[in-house]
Amino acid sequence: MDFNVAPIQGVIREFLAVILAGFGDDLVPLTSDVGDEPCPKALLPISNKPMIDYALTWVEQSGIQDVLLICPPSHRPSISHYIHSESSASSSSLNIDIQTFDDSQELSVGTCSILRHFSGRIQEDFVLLPCDFVPPPSLPLSKLLNKFRTETTSDGAIVTTCWSEAPRPETSAAPDDWGPHSPSTPIVWDDSTGTLLYIDTLDSADRNAEDLELRMSLLSRYPQVKLSSKLQDSHVYVCKREVLDALQRKTRIDSLREDFLPWLCKVHYQTTKHWKYGCESNVERPETSSFRVGIIIHRAKDGYGLRVNNLLAYSEANRHFTNDTCYTLPADPQKRALIDANASISPDSTIGDFTKVAERTTIKKSVIGKHCVIGKMVRISGCVLLDHCVILDGAKLEGSMLGRNTTVGGKAELVRCVTQGGYEVKEKEKFQNEKLDISDWGAETEDQNGDDEDRSVRTD
(Lines give C-alpha, C1' and ligand atoms only; values in the text may rest on other atoms or scores of the structure.)
Protein backbone atom coordinates (compact mmCIF):
# COMPACT_ATOMS: atom_id res chain seq x y z
CA MET A 1 0.00 0.00 0.00
CA ASP A 2 1.33 3.41 -0.96
CA PHE A 3 0.88 5.67 2.05
CA ASN A 4 2.01 8.68 0.00
CA VAL A 5 -1.17 8.58 -2.09
CA ALA A 6 -4.07 10.47 -0.55
CA PRO A 7 -7.31 8.47 -0.40
CA ILE A 8 -10.04 9.48 -2.84
CA GLN A 9 -12.72 11.41 -1.03
CA GLY A 10 -16.34 10.61 -1.89
CA VAL A 11 -18.19 13.49 -3.49
CA ILE A 12 -21.22 14.45 -1.43
CA ARG A 13 -24.14 15.31 -3.69
CA GLU A 14 -25.80 18.55 -2.58
CA PHE A 15 -29.03 18.33 -4.56
CA LEU A 16 -30.95 15.78 -6.55
CA ALA A 17 -33.41 17.00 -9.20
CA VAL A 18 -36.66 15.02 -9.20
CA ILE A 19 -38.67 15.53 -12.39
CA LEU A 20 -42.23 14.23 -12.67
CA ALA A 21 -43.44 13.30 -16.15
CA GLY A 22 -47.08 12.21 -16.09
CA PHE A 23 -49.55 11.06 -18.70
CA GLY A 24 -50.61 14.56 -19.80
CA ASP A 25 -54.35 13.94 -19.60
CA ASP A 26 -55.14 17.63 -20.19
CA LEU A 27 -53.15 17.52 -23.45
CA VAL A 28 -55.29 14.78 -25.00
CA PRO A 29 -55.63 14.02 -27.91
CA LEU A 30 -52.04 15.15 -28.62
CA THR A 31 -50.82 12.75 -25.94
CA SER A 32 -53.17 9.90 -26.86
CA ASP A 33 -51.58 6.63 -27.93
CA VAL A 34 -51.17 6.00 -31.65
CA GLY A 35 -52.09 2.35 -31.91
CA ASP A 36 -49.77 0.53 -29.49
CA GLU A 37 -47.27 3.39 -29.44
CA PRO A 38 -47.55 5.89 -26.56
CA CYS A 39 -47.11 9.64 -26.97
CA PRO A 40 -45.35 10.77 -23.76
CA LYS A 41 -46.16 14.24 -22.56
CA ALA A 42 -42.48 14.77 -21.74
CA LEU A 43 -41.57 14.42 -25.43
CA LEU A 44 -44.32 16.67 -26.76
CA PRO A 45 -42.38 19.37 -28.66
CA ILE A 46 -42.61 23.08 -27.96
CA SER A 47 -41.23 24.92 -30.96
CA ASN A 48 -39.82 21.61 -32.23
CA LYS A 49 -37.98 20.93 -28.96
CA PRO A 50 -39.27 18.25 -26.51
CA MET A 51 -40.65 19.97 -23.43
CA ILE A 52 -38.49 17.83 -21.13
CA ASP A 53 -35.42 19.56 -22.61
CA TYR A 54 -36.47 22.92 -21.15
CA ALA A 55 -36.54 21.44 -17.64
CA LEU A 56 -33.33 19.44 -18.08
CA THR A 57 -31.42 22.42 -19.47
CA TRP A 58 -32.60 24.55 -16.53
CA VAL A 59 -31.36 21.90 -14.09
CA GLU A 60 -28.04 21.48 -15.89
CA GLN A 61 -27.33 25.22 -15.90
CA SER A 62 -27.75 25.32 -12.11
CA GLY A 63 -24.86 22.92 -11.62
CA ILE A 64 -26.98 19.95 -10.50
CA GLN A 65 -25.71 16.79 -12.14
CA ASP A 66 -28.07 14.05 -10.95
CA VAL A 67 -31.71 13.67 -11.99
CA LEU A 68 -34.39 11.21 -10.93
CA LEU A 69 -36.94 11.21 -13.75
CA ILE A 70 -40.24 9.51 -12.84
CA CYS A 71 -42.68 8.51 -15.58
CA PRO A 72 -45.41 5.94 -16.32
CA PRO A 73 -44.10 2.46 -17.24
CA SER A 74 -45.47 2.65 -20.79
CA HIS A 75 -43.53 5.88 -21.43
CA ARG A 76 -40.16 4.69 -20.21
CA PRO A 77 -38.87 3.12 -23.48
CA SER A 78 -39.59 6.26 -25.55
CA ILE A 79 -38.20 8.65 -22.95
CA SER A 80 -35.12 6.52 -22.33
CA HIS A 81 -34.45 6.27 -26.06
CA TYR A 82 -34.64 10.05 -26.40
CA ILE A 83 -32.57 10.79 -23.27
CA HIS A 84 -29.74 8.59 -24.53
CA SER A 85 -29.88 9.87 -28.10
CA GLU A 86 -27.50 12.40 -29.55
CA SER A 87 -30.35 14.86 -30.11
CA SER A 88 -31.10 15.14 -26.39
CA ALA A 89 -29.96 18.39 -24.79
CA SER A 90 -29.12 16.46 -21.62
CA SER A 91 -27.21 13.53 -23.07
CA SER A 92 -23.76 14.95 -22.31
CA SER A 93 -23.50 15.99 -18.67
CA LEU A 94 -26.53 14.93 -16.60
CA ASN A 95 -26.79 11.58 -14.86
CA ILE A 96 -30.46 10.68 -15.40
CA ASP A 97 -32.04 7.79 -13.52
CA ILE A 98 -35.37 6.95 -15.19
CA GLN A 99 -37.81 5.23 -12.85
CA THR A 100 -41.45 4.30 -13.28
CA PHE A 101 -44.39 4.61 -10.96
CA ASP A 102 -47.10 2.00 -11.45
CA ASP A 103 -49.89 4.49 -11.93
CA SER A 104 -52.85 4.54 -14.29
CA GLN A 105 -54.68 7.29 -16.10
CA GLU A 106 -57.96 6.17 -14.54
CA LEU A 107 -56.69 6.24 -10.94
CA SER A 108 -53.93 8.82 -10.65
CA VAL A 109 -52.16 9.51 -7.37
CA GLY A 110 -50.75 12.67 -5.87
CA THR A 111 -47.20 13.95 -5.70
CA CYS A 112 -46.84 13.02 -2.03
CA SER A 113 -47.54 9.34 -2.73
CA ILE A 114 -44.90 9.33 -5.46
CA LEU A 115 -42.33 10.96 -3.17
CA ARG A 116 -43.02 8.43 -0.44
CA HIS A 117 -42.54 5.60 -2.93
CA PHE A 118 -39.15 6.89 -4.06
CA SER A 119 -37.91 8.26 -0.72
CA GLY A 120 -35.27 5.54 -0.58
CA ARG A 121 -33.65 6.95 -3.71
CA ILE A 122 -33.59 10.52 -2.35
CA GLN A 123 -30.92 10.78 0.33
CA GLU A 124 -30.22 14.51 0.11
CA ASP A 125 -31.99 17.83 -0.33
CA PHE A 126 -33.86 17.85 -3.61
CA VAL A 127 -35.53 20.01 -6.25
CA LEU A 128 -38.94 18.84 -7.37
CA LEU A 129 -40.24 20.10 -10.71
CA PRO A 130 -42.68 19.07 -13.44
CA CYS A 131 -41.54 18.14 -16.94
CA ASP A 132 -43.89 20.77 -18.41
CA PHE A 133 -42.36 23.88 -16.79
CA VAL A 134 -40.85 26.31 -19.30
CA PRO A 135 -38.66 28.56 -17.12
CA PRO A 136 -38.09 32.25 -17.89
CA PRO A 137 -34.53 32.99 -19.06
CA SER A 138 -34.30 35.64 -16.34
CA LEU A 139 -35.03 33.12 -13.57
CA PRO A 140 -32.13 30.66 -13.23
CA LEU A 141 -32.70 27.71 -10.92
CA SER A 142 -29.58 28.81 -9.05
CA LYS A 143 -31.60 31.78 -7.71
CA LEU A 144 -33.96 29.40 -5.93
CA LEU A 145 -31.09 27.22 -4.75
CA ASN A 146 -29.20 30.18 -3.30
CA LYS A 147 -32.26 31.42 -1.38
CA PHE A 148 -32.78 27.91 -0.06
CA ARG A 149 -29.12 27.57 0.98
CA THR A 150 -29.18 30.89 2.86
CA GLU A 151 -32.48 30.39 4.66
CA THR A 152 -32.05 26.76 5.68
CA THR A 153 -28.77 27.76 7.29
CA SER A 154 -30.01 30.95 8.93
CA ASP A 155 -33.38 29.90 10.38
CA GLY A 156 -34.19 26.32 9.48
CA ALA A 157 -36.47 27.01 6.52
CA ILE A 158 -37.59 23.71 4.99
CA VAL A 159 -38.92 24.52 1.49
CA THR A 160 -38.45 27.24 -1.12
CA THR A 161 -41.24 27.73 -3.64
CA CYS A 162 -41.59 29.71 -6.86
CA TRP A 163 -44.73 31.59 -7.87
CA SER A 164 -45.13 33.67 -11.01
CA GLU A 165 -47.47 36.09 -12.67
CA ALA A 166 -49.18 34.49 -15.62
CA PRO A 167 -48.06 35.89 -18.98
CA ARG A 168 -50.75 37.95 -20.62
CA PRO A 169 -52.49 35.67 -23.12
CA GLU A 170 -53.01 36.80 -26.65
CA THR A 171 -56.56 37.26 -27.84
CA SER A 172 -57.75 33.79 -28.73
CA ALA A 173 -60.98 32.18 -29.83
CA ALA A 174 -59.85 28.77 -28.62
CA PRO A 175 -62.59 26.32 -27.58
CA ASP A 176 -63.41 26.15 -23.88
CA ASP A 177 -62.27 22.52 -23.57
CA TRP A 178 -58.69 23.55 -24.41
CA GLY A 179 -58.35 24.56 -20.77
CA PRO A 180 -58.43 27.80 -18.76
CA HIS A 181 -56.26 30.84 -19.30
CA SER A 182 -53.46 30.47 -16.74
CA PRO A 183 -55.34 29.48 -13.53
CA SER A 184 -54.11 31.31 -10.44
CA THR A 185 -54.32 30.76 -6.68
CA PRO A 186 -54.80 33.33 -3.90
CA ILE A 187 -51.79 33.37 -1.57
CA VAL A 188 -50.51 35.48 1.33
CA TRP A 189 -46.82 36.14 1.94
CA ASP A 190 -44.43 38.41 3.80
CA ASP A 191 -42.35 40.32 1.29
CA SER A 192 -39.63 41.48 3.67
CA THR A 193 -38.63 37.95 4.65
CA GLY A 194 -39.79 36.14 1.53
CA THR A 195 -42.05 33.82 3.53
CA LEU A 196 -45.12 32.03 2.17
CA LEU A 197 -47.84 32.20 4.83
CA TYR A 198 -51.10 31.00 3.30
CA ILE A 199 -52.30 29.11 0.20
CA ASP A 200 -55.97 29.09 -0.65
CA THR A 201 -57.07 25.50 -1.25
CA LEU A 202 -60.13 23.86 -2.77
CA ASP A 203 -61.33 22.96 0.73
CA SER A 204 -60.97 26.58 1.85
CA ALA A 205 -62.93 27.77 -1.18
CA ASP A 206 -65.68 25.25 -0.44
CA ARG A 207 -65.98 26.49 3.15
CA ASN A 208 -65.88 30.17 2.27
CA ALA A 209 -65.83 31.18 -1.38
CA GLU A 210 -65.95 34.91 -0.64
CA ASP A 211 -63.26 35.52 2.00
CA LEU A 212 -59.85 34.23 3.03
CA GLU A 213 -59.62 32.76 6.53
CA LEU A 214 -56.49 34.20 8.17
CA ARG A 215 -55.62 33.60 11.82
CA MET A 216 -54.70 36.43 14.15
CA SER A 217 -51.51 34.57 15.04
CA LEU A 218 -50.38 34.99 11.45
CA LEU A 219 -51.23 38.71 11.33
CA SER A 220 -49.66 39.45 14.71
CA ARG A 221 -46.39 37.81 13.67
CA TYR A 222 -46.44 39.32 10.16
CA PRO A 223 -48.42 42.60 10.35
CA GLN A 224 -47.58 43.75 6.80
CA VAL A 225 -48.45 40.79 4.63
CA LYS A 226 -49.23 40.89 0.94
CA LEU A 227 -52.12 39.19 -0.81
CA SER A 228 -52.48 38.30 -4.47
CA SER A 229 -54.95 36.23 -6.48
CA LYS A 230 -52.99 36.59 -9.73
CA LEU A 231 -50.06 34.27 -9.07
CA GLN A 232 -49.47 30.74 -10.30
CA ASP A 233 -47.61 27.97 -8.55
CA SER A 234 -44.80 26.84 -10.82
CA HIS A 235 -44.76 23.51 -8.92
CA VAL A 236 -40.99 23.95 -8.50
CA TYR A 237 -39.98 23.22 -4.90
CA VAL A 238 -36.51 23.10 -3.34
CA CYS A 239 -36.88 20.85 -0.29
CA LYS A 240 -34.94 19.64 2.70
CA ARG A 241 -34.62 15.85 2.92
CA GLU A 242 -36.70 16.11 6.11
CA VAL A 243 -39.75 16.81 3.95
CA LEU A 244 -39.80 13.13 3.03
CA ASP A 245 -39.67 12.15 6.70
CA ALA A 246 -42.71 14.34 7.35
CA LEU A 247 -44.60 12.81 4.43
CA GLN A 248 -43.93 9.32 5.76
CA ARG A 249 -45.77 10.29 8.96
CA LYS A 250 -48.54 12.29 7.26
CA THR A 251 -49.75 9.34 5.20
CA ARG A 252 -53.17 10.84 4.52
CA ILE A 253 -51.67 13.80 2.69
CA ASP A 254 -51.70 13.21 -1.06
CA SER A 255 -51.27 16.59 -2.75
CA LEU A 256 -48.16 18.65 -2.10
CA ARG A 257 -49.75 21.96 -3.07
CA GLU A 258 -53.29 21.37 -1.82
CA ASP A 259 -52.45 19.59 1.43
CA PHE A 260 -48.82 19.53 2.53
CA LEU A 261 -47.65 23.10 1.83
CA PRO A 262 -50.77 24.74 3.41
CA TRP A 263 -50.26 22.52 6.47
CA LEU A 264 -46.56 23.42 6.60
CA CYS A 265 -47.40 27.14 6.51
CA LYS A 266 -49.59 26.65 9.60
CA VAL A 267 -46.85 24.72 11.41
CA HIS A 268 -44.56 27.71 10.93
CA TYR A 269 -46.69 30.40 12.56
CA GLN A 270 -48.95 28.39 14.92
CA THR A 271 -46.98 27.71 18.10
CA THR A 272 -48.95 24.62 19.11
CA LYS A 273 -48.52 22.94 15.74
CA HIS A 274 -44.87 23.98 15.65
CA TRP A 275 -44.08 22.21 18.94
CA LYS A 276 -46.28 19.21 18.12
CA TYR A 277 -44.57 18.68 14.78
CA GLY A 278 -41.16 19.10 16.39
CA CYS A 279 -41.96 16.40 18.94
CA GLU A 280 -43.37 14.07 16.27
CA SER A 281 -40.17 14.62 14.30
CA ASN A 282 -38.02 13.68 17.31
CA VAL A 283 -36.37 17.08 17.15
CA GLU A 284 -34.82 17.79 20.53
CA ARG A 285 -34.98 21.54 20.16
CA PRO A 286 -37.81 22.38 17.77
CA GLU A 287 -37.33 26.08 18.36
CA THR A 288 -34.17 25.90 16.27
CA SER A 289 -36.19 24.95 13.17
CA SER A 290 -38.66 27.42 11.73
CA PHE A 291 -40.25 24.99 9.24
CA ARG A 292 -40.64 28.11 7.14
CA VAL A 293 -41.66 28.01 3.48
CA GLY A 294 -39.70 30.53 1.41
CA ILE A 295 -41.11 32.15 -1.69
CA ILE A 296 -39.67 33.72 -4.82
CA ILE A 297 -42.06 35.68 -7.04
CA HIS A 298 -41.39 36.09 -10.72
CA ARG A 299 -43.10 39.02 -12.41
CA ALA A 300 -44.41 38.70 -15.96
CA LYS A 301 -42.47 41.80 -17.05
CA ASP A 302 -39.22 39.98 -16.21
CA GLY A 303 -39.68 37.25 -18.78
CA TYR A 304 -41.98 34.63 -20.19
CA GLY A 305 -42.45 31.41 -18.25
CA LEU A 306 -45.34 29.04 -17.60
CA ARG A 307 -46.46 25.46 -17.14
CA VAL A 308 -47.58 23.85 -20.38
CA ASN A 309 -50.21 21.67 -18.75
CA ASN A 310 -53.23 22.01 -21.06
CA LEU A 311 -53.96 22.54 -24.74
CA LEU A 312 -54.38 26.30 -24.44
CA ALA A 313 -51.05 26.68 -22.62
CA TYR A 314 -49.43 24.48 -25.26
CA SER A 315 -50.77 26.67 -28.04
CA GLU A 316 -49.64 29.85 -26.26
CA ALA A 317 -46.14 28.46 -25.58
CA ASN A 318 -45.61 27.64 -29.24
CA ARG A 319 -46.99 31.05 -30.22
CA HIS A 320 -44.55 32.74 -27.85
CA PHE A 321 -41.56 30.99 -29.36
CA THR A 322 -42.65 31.81 -32.91
CA ASN A 323 -42.79 35.47 -31.85
CA ASP A 324 -39.35 35.16 -30.29
CA THR A 325 -37.66 33.07 -32.96
CA CYS A 326 -34.67 34.33 -34.90
CA TYR A 327 -34.93 31.86 -37.77
CA THR A 328 -37.66 30.27 -39.87
CA LEU A 329 -36.00 27.63 -42.01
CA PRO A 330 -33.61 24.71 -41.34
CA ALA A 331 -30.01 25.89 -41.06
CA ASP A 332 -28.69 23.09 -43.26
CA PRO A 333 -28.91 24.16 -46.95
CA GLN A 334 -29.67 20.59 -48.01
CA LYS A 335 -32.65 20.41 -45.69
CA ARG A 336 -33.75 23.92 -46.65
CA ALA A 337 -33.77 22.91 -50.33
CA LEU A 338 -36.96 20.91 -49.67
CA ILE A 339 -38.84 24.21 -49.31
CA ASP A 340 -40.00 25.60 -52.65
CA ALA A 341 -38.77 29.07 -53.50
CA ASN A 342 -42.34 30.11 -54.35
CA ALA A 343 -43.68 29.19 -50.90
CA SER A 344 -44.46 32.10 -48.57
CA ILE A 345 -43.28 31.59 -45.00
CA SER A 346 -43.56 34.46 -42.49
CA PRO A 347 -40.62 35.32 -40.17
CA ASP A 348 -42.70 34.29 -37.14
CA SER A 349 -42.88 30.65 -38.25
CA THR A 350 -40.56 27.71 -37.67
CA ILE A 351 -40.02 24.83 -40.08
CA GLY A 352 -38.48 21.55 -38.88
CA ASP A 353 -35.70 19.60 -40.59
CA PHE A 354 -36.50 17.51 -43.67
CA THR A 355 -39.93 19.11 -44.08
CA LYS A 356 -41.08 19.62 -47.66
CA VAL A 357 -43.15 22.68 -48.58
CA ALA A 358 -44.55 22.92 -52.10
CA GLU A 359 -45.09 25.97 -54.29
CA ARG A 360 -47.68 28.68 -53.63
CA THR A 361 -48.20 27.54 -50.05
CA THR A 362 -48.53 30.15 -47.30
CA ILE A 363 -47.43 29.55 -43.69
CA LYS A 364 -47.95 32.24 -41.04
CA LYS A 365 -47.25 32.28 -37.30
CA SER A 366 -46.96 28.50 -37.14
CA VAL A 367 -44.64 25.73 -35.98
CA ILE A 368 -44.18 22.89 -38.47
CA GLY A 369 -42.42 19.75 -37.22
CA LYS A 370 -39.82 17.52 -38.86
CA HIS A 371 -40.37 15.27 -41.88
CA CYS A 372 -43.70 16.87 -42.76
CA VAL A 373 -45.03 17.14 -46.32
CA ILE A 374 -46.98 20.27 -47.18
CA GLY A 375 -48.63 20.27 -50.61
CA LYS A 376 -49.39 23.03 -53.09
CA MET A 377 -51.58 26.07 -52.35
CA VAL A 378 -51.97 25.12 -48.70
CA ARG A 379 -52.86 27.85 -46.20
CA ILE A 380 -51.59 27.41 -42.62
CA SER A 381 -52.07 30.13 -39.99
CA GLY A 382 -51.48 30.04 -36.23
CA CYS A 383 -51.00 26.26 -36.15
CA VAL A 384 -48.75 23.64 -34.56
CA LEU A 385 -47.98 20.55 -36.64
CA LEU A 386 -46.03 17.75 -35.01
CA ASP A 387 -43.62 15.51 -36.92
CA HIS A 388 -44.54 13.49 -40.03
CA CYS A 389 -47.79 15.32 -40.83
CA VAL A 390 -49.03 15.30 -44.44
CA ILE A 391 -51.13 18.20 -45.73
CA LEU A 392 -52.42 17.71 -49.26
CA ASP A 393 -53.01 20.35 -51.94
CA GLY A 394 -55.41 23.19 -51.23
CA ALA A 395 -56.05 22.41 -47.56
CA LYS A 396 -56.62 25.26 -45.09
CA LEU A 397 -55.59 25.12 -41.41
CA GLU A 398 -56.28 27.88 -38.90
CA GLY A 399 -55.45 27.90 -35.19
CA SER A 400 -55.17 24.11 -35.07
CA MET A 401 -52.79 21.58 -33.53
CA LEU A 402 -52.09 18.31 -35.33
CA GLY A 403 -50.65 15.21 -33.66
CA ARG A 404 -47.79 13.43 -35.38
CA ASN A 405 -48.57 11.43 -38.51
CA THR A 406 -51.82 13.33 -39.09
CA THR A 407 -52.99 13.44 -42.71
CA VAL A 408 -55.22 16.22 -44.02
CA GLY A 409 -56.87 15.59 -47.38
CA GLY A 410 -56.93 17.94 -50.33
CA LYS A 411 -59.09 21.08 -49.90
CA ALA A 412 -60.06 20.06 -46.36
CA GLU A 413 -60.47 22.80 -43.73
CA LEU A 414 -59.67 22.74 -40.01
CA VAL A 415 -60.40 25.72 -37.74
CA ARG A 416 -59.29 25.57 -34.08
CA CYS A 417 -59.10 21.78 -34.06
CA VAL A 418 -56.79 19.28 -32.34
CA THR A 419 -56.08 15.85 -33.79
CA GLN A 420 -54.78 12.65 -32.29
CA GLY A 421 -51.64 11.31 -33.89
CA GLY A 422 -52.42 9.25 -36.98
CA TYR A 423 -55.81 10.87 -37.61
CA GLU A 424 -56.91 11.18 -41.25
CA VAL A 425 -59.01 14.10 -42.39
CA LYS A 426 -60.66 13.18 -45.65
CA GLU A 427 -60.66 15.27 -48.81
CA LYS A 428 -62.87 18.39 -48.56
CA GLU A 429 -63.93 17.61 -44.96
CA LYS A 430 -64.48 20.64 -42.72
CA PHE A 431 -64.19 20.76 -38.93
CA GLN A 432 -64.36 23.65 -36.46
CA ASN A 433 -63.67 23.64 -32.68
CA GLU A 434 -63.27 19.86 -32.59
CA LYS A 435 -61.03 17.34 -30.86
CA LEU A 436 -60.54 14.66 -33.50
CA ASP A 437 -59.41 11.25 -32.29
CA ILE A 438 -59.02 7.97 -34.07
CA SER A 439 -61.84 6.22 -32.21
CA ASP A 440 -64.36 8.66 -33.69
CA TRP A 441 -62.76 8.42 -37.11
CA GLY A 442 -62.69 4.62 -36.95
CA ALA A 443 -66.30 4.42 -35.79
CA GLU A 444 -67.37 6.75 -38.57
CA THR A 445 -65.50 4.64 -41.14
CA GLU A 446 -67.10 1.46 -39.77
CA ASP A 447 -70.59 3.00 -39.92
CA GLN A 448 -70.02 4.11 -43.47
CA ASN A 449 -68.84 0.64 -44.45
CA GLY A 450 -71.93 -0.83 -42.82
CA ASP A 451 -74.18 1.59 -44.70
CA ASP A 452 -72.48 0.62 -47.95
CA GLU A 453 -73.11 -3.05 -47.23
CA ASP A 454 -76.77 -2.38 -46.46
CA ARG A 455 -77.21 -0.43 -49.68
CA SER A 456 -75.56 -3.18 -51.69
CA VAL A 457 -77.91 -5.75 -50.19
CA ARG A 458 -80.98 -3.67 -50.93
CA THR A 459 -79.76 -3.05 -54.48
CA ASP A 460 -79.33 -6.75 -55.07
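My entries below cover a sheet, a cavity and some backbone angles.

Before starting I noted that this is a predicted model, in which local features need pLDDT of at least 70 and side-chain atom pairs count only at pLDDT 80 or more, while totals for chains, interfaces and linings use all residues. I also noted that residues are numbered from 1 along each chain as its sequence is written, and that side-chain values use heavy atoms, with hydrogens and water left out.

Entry one, the sheet. I looked up the strand order and found an open sheet of five strands, β15-β18-β21-β24-β27, with parallel pairing. β15 (356-357) and β27 (424-425) are at the edges with a single partner strand each, so one side of each has no neighbour in the sheet. Strands here are DSSP runs (E, at least two residues), numbered from the N terminus, and two strands pair if DSSP finds at least two bridges between them. I then checked β18 (residues 373-374) and β21 (residues 390-391), which run parallel and are joined by two bridges, with V373 opposite V390 in β21.

Entry two, backbone angles. I found a cis peptide bond between V28 and P29, with omega about 10°. Which residues other than glycine have a positive phi? I noted K365, with phi near 45°, and R416, with phi near 50°. K365 lies in the loop between β16 (362-364) and β17 (367-368), and R416 in the loop between β25 (413-415) and β26 (418-419). K365 is partly exposed at 27% relative accessible area, whereas R416 is buried at 18%; buried means under 20%, exposed over 50%, and partly exposed in between (1.4 Å probe, protein chains only).

On a 1 Å grid over the protein atoms alone, a cavity is a set of points where a 1.4 Å probe fits but cannot get out, and lining residues have an atom within 4 Å of a point. I found that K365 is also one of the residues lining the largest cavity.

Note on methods:
Helix = DSSP H or I, 4+ residues; strand = E, 2+ residues; numbered from the N terminus. 1 Å grid on protein atoms, 1.4 Å probe; cavity = no way out; pocket = protein on both sides within 12 Å on 5 of 7 lines; lining within 4 Å.
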